[in-house]
Amino acid sequence: LSGGGTGSADSWNPQVGGYTTDLRIGPDGMIYVVGDFIVVGNRLVGGIARLSPTNASVDENWRPMGADSTVLTVRFAANGDALIGGAFTAIEDQEAAGFVRIGATANVVGTASTDAPGWVRAVLRQANGGLVVGGRFSKAGSVPRRNLARFRPDGALDLAWDPSPEGEYGWIYALAEDGAGRLYVGGDFIGISGVARSGLARYSWAGGVGTLDPNWNPQPTGDVLALAADSDGSLYVGGAFSQIGGEARTNIAKVSGEGSGLAVAGWDGSADERVLALALSPTGDVYAGGAFSSIGGEPLSYLARLSGSTGNADPVWAPTPDGWVLDVAVGAGDSVYAAGDFEFMGAISRKHLARIVAAGSGTPYAAWNPAADRRVWAVAVDELDNVYVGGDFDTISGVSRSGIAKLSGINAAVADPDWNPSISGGPFVKVLDLATSPGRLDVVGDFAAIGGRTRVGVASFSTRDGFLFADGFE
């Protein structure tokens, strides 16, 4: 623009095919521009370009290519090298986690890792002993892994499985496994394992190798936030979508485990807002939690029970929390545990966590009232009916517990006085998901230490008293 008069634009017009996030006049007088684009004018670039200050043409001799995500900023070193920062993990086929220094001839002369600790949103212990984790991260240890990774039963990273979800974010929010050992992955991706998949994919696990199912592809039209696999081979899906499996289904659906994953005919529990949590009862009912105020044809807010055969909501079972339900688990006696961002169940005070009677109208158990002081993100029940909860709370059941606690699942919700791992590691530290399996508790979230040990985002505990776990031997 002109610096005088009315500020009119002159003929300088680089025609950037995307959006720019920063531009600088370099010490050489050229114009450096970065952002989220691959074309400037009719020239292929990779989010970084050097332009003529007179005619806006791309400098053909300075085109560092291959930034795999948005470039955010450009500055200059004393010798004129360009200092580039952003959300990328590689450039010019070199690993560069967020920072790269580019010389006068467009060669990479230096990189530095600006990785922040990732967070893990979902965890699944497979029947074969493997541990699958998904969330937002770029590495597992020092090995590149984009948002999805698997650890073998001995705790080592599975180097043969690297799905690398693709998309603007490619984040993973939900995992599930069916009775045949098939792994379901849900999130906001548009591709996985190099194949187009919209938010939902399935892997078979044979011979210890995870293989993407080439045919099963329900194609939800939005994010997948919750998954639950039924014993009949079908899959319940919750999230923020309007269509899945070739049918109109709003935010919740039941899809077939056969063929291409079509929506099950006659099952429509559609909700008016996001479904964030799913759990199945032994009788085949589906418990759904989320941000909705209507689901399965009934005006039920945040928590509901749906028929496994029709998707219709039970109009009688209505605990009516006053805020979002973030996780649901089924315990002994078919009691139901709900965790989230609520303070009441109907007129009864239940801060962020409740145990609810599965029969009748769904009233909270009278004596079970842990009353967490902040949000509870996750709840899981083990084979002994112990209840593990995770979140960003500081106190629960009247005692100090930082982000994680073990509670009695019967009678009063007493916190185990001897089990207090505590989490730490940042301003937003929290536990986001839990998985129980016989003798084991797996914990994921946004933390850097737990139980007095460095564990970034993922940790595993023995839940069997008197057992020593070391070097893969039990």
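The following legends describe close-up views of a predicted model.

**View 1. Strand β29 and its pairing with strand β28.** Strand β29 comprises residues 303–306 and is covered on both faces. Leu 303 and Arg 305 point to one side, Ala 304 and Leu 306 to the other, and all four are buried. In a regular strand the side chains alternate between the two faces of the sheet. Strand β28 (residues 286–290) runs antiparallel to β29, and four bridges join the two. Within this pairing, Tyr 287 is positioned opposite Arg 305 of β29.

**View 2. The open sheet β35-β36-β39.** Three strands are arranged in this order, with antiparallel pairing. From one strand to the next, the twist averages 25 degrees. Five bridges connect β36 (residues 386–391) with β39 in the antiparallel sense. Gly 390 has Ile 404 in β39 as its bridge partner.

**View 3. The salt bridge between Asp 28 and Arg 50.** The structure as a whole contains 19 salt bridges. In the one between Asp 28 and Arg 50, the closest N and O atoms are 3.2 Å apart. Asp 28 belongs to the loop between β1 (16–25) and β2 (31–40), whereas Arg 50 belongs to strand β4 (residues 48–51); the pair therefore ties together parts that are 22 residues apart in sequence. Asp 28 is partly exposed, at a relative accessible area of 41%, while Arg 50 is buried at 10% relative accessibility.

**View 4. The salt bridge between Asp 232 and Lys 254.** The two side chains meet at an N to O distance of 3.8 Å. Asp 232 is located in the loop between β22 (223–229) and β23 (235–240) and Lys 254 in strand β26 (residues 252–255), so that distant parts of the chain, 22 residues apart, are linked. Asp 232 is exposed, with a relative accessible area of 52%; Lys 254, at 8%, counts as buried.

**View 5. Further salt bridges, involving Glu 60 and Arg 63 and a network around Asp 22.** Between Glu 60 and Arg 63 the closest N and O atoms lie 3.1 Å apart. Both partners are partly exposed: Glu 60 has a relative accessibility of 37%, and Arg 63 has one of 26%. Separately, Asp 22, Arg 24 and Arg 75 are connected in a network of salt bridges.

**View 6. Edge-to-face aromatic pairs, with Tyr 184 and Trp 216 among them.** Twelve aromatic pairs are found in the whole structure. The rings of Tyr 184 and Trp 216 are 5.1 Å apart from centre to centre, with 70 degrees between their planes. Tyr 184 lies in strand β17 (residues 183–187) and Trp 216 in the loop between β21 (209–212) and β22, 32 residues apart. Tyr 184 is buried at 0% relative accessibility, and Trp 216 is likewise buried at 0%. Tyr 388 and Trp 419 form another edge-to-face pair, at 5.3 Å centre to centre and 70 degrees between the planes. Tyr 388 is part of strand β36 and Trp 419 of the loop between β39 and β40 (423–424), so this pair ties together parts that are 31 residues apart in sequence. Tyr 388 and Trp 419 are both buried.

**View 7. An aromatic cluster and a charge over a ring.** Tyr 32, Trp 62 and Phe 76 make up one aromatic cluster. Elsewhere, the charged end of Arg 355 sits over the ring of Tyr 365, at 3.9 Å from the ring centre.

Notes
Residues are numbered from 1 along each chain as its sequence is written. This is a predicted model: local features need pLDDT of at least 70, side-chain atom pairs count only at pLDDT 80 or more; totals for chains, interfaces and linings use all residues. Side-chain values use heavy atoms; hydrogens and water are left out. Buried means under 20% relative accessible area, exposed over 50%, partly exposed in between (1.4 Å probe, protein chains only). Two strands pair if DSSP finds at least two bridges between them. A salt bridge is a side-chain nitrogen of Lys or Arg within 4 Å of a carboxyl oxygen of Asp or Glu. Axes are lines fitted to C-alpha atoms, for helices over the stretch in contact, and angles run from 0 to 180 degrees between N-to-C directions. Rings of Phe, Tyr and Trp (its six-membered ring) pair if their centres lie within 6.5 Å; planes under 30 degrees apart count as stacked, over 60 as edge-to-face and the rest as tilted. A charge sits over a ring if NZ of Lys or CZ of Arg is within 6 Å of the ring centre and within 35 degrees of the ring normal.
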